[in-house]
Amino acid sequence: HAARLVAAYGQAVHDDAGGLTHTFPSVEQLADIDPIHLAVPKARQRTLTTLVSAMADGSVTLDAGCDWVRAREQLMSLPGIG
């Protein structure tokens, strides 16, 4: 699924070594994706769109510097994650 998202919505990059072709889509880019294009059941589509919305509005923080205990609490509060 991640590879399809990257191919469809990631930004192309030039990598002389040839290992990197695209960046992963940003939260803002993911927020614009119509869930119908996600090749998962509707319940998982809802979970993913809820997660992306929560990341976009700052109620869930998942980055290199985040507090893992807090991130887990934030994730567990979302419907469909458990």
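Because the model is predicted, local features are reported where pLDDT is at least 70 and side-chain atom pairs are counted only at pLDDT 80 or more, whereas totals for chains, interfaces and linings use all residues. Residues are numbered from 1 along each chain as its sequence is written, and side-chain values use heavy atoms, with hydrogens and water left out.

The chain contains four helices and zero strands, the elements running α-α-α-α from the N terminus on; helices (H or I, at least four residues) and strands (E, at least two) are DSSP runs numbered from the N terminus. Taken along the principal axes, the C-alpha atoms fill a box of roughly 40 × 30 × 20 Å. Of the 82 residues in the chain, 22% are buried, where buried means under 20% relative accessible area, exposed means over 50%, and partly exposed lies in between (1.4 Å probe, protein chains only). Among contacts (heavy atoms within 4.5 Å) between residues at least 6 apart in sequence, 29% join residues at least 24 apart.

The accessible surface of the chain comes to about 5,800 Å², and carbon and sulfur atoms account for 58% of that area; accessible areas come from the Shrake-Rupley method with a 1.4 Å probe, and for residues only the protein chains shown count as cover. The chain carries 6 positive and 9 negative side chains, and the centres of the two sets are 16 Å apart. In this count Lys and Arg are positive and Asp and Glu negative, while His and the chain ends are not counted, and the place of a charge is taken as NZ of Lys, CZ of Arg, CG of Asp or CD of Glu.

The largest pocket has a volume of about 410 Å³. Of the 19 residues that line this pocket, the closest to its centre are Leu5, Leu30, Ile33, Leu38 and Leu48. Two or more lining residues come from each of helix 1 (2-9), helix 2 (27-31) and helix 3 (42-57), and helix 3 gives the most, with five residues. A pocket is here an open set of points on a 1 Å grid over the protein atoms alone, where a 1.4 Å probe fits and protein lies on both sides within 12 Å along at least five of seven lines; lining residues have an atom within 4 Å of a point. Grid points are joined across faces, edges and corners, and the volume is the space filled by probe spheres set on the points.

Two of the residues examined lie in helix 3, namely Gln45 and Leu51. Gln45 counts as buried because its relative accessibility is 10%, and, residues up to four places away in sequence not being counted, Gln45 touches Pro35, Ile36, Leu38 and Val40. Leu51 is likewise buried, with a relative accessible area of 18%, and beyond its neighbours within four places in sequence Leu51 is in contact with Val60, Leu62, Leu75 and Leu78.

Leu51 and Gln74 are 23 residues apart in sequence, and their C-alpha atoms are 9.8 Å apart in space. Gln74 is placed in helix 4 (residues 68-76) and counts as buried because its relative accessibility is 9%; with neighbours within four places in sequence left aside, Gln74 is in contact with Ser59, Val60 and Thr61. Gln29, found in helix 2, is partly exposed, with a relative accessible area of 23%, and touches Tyr9 and Gln11 when residues up to four places away in sequence are not counted. Gln29 and Val52 are 23 residues apart in sequence, with a C-alpha to C-alpha distance of 9.7 Å.
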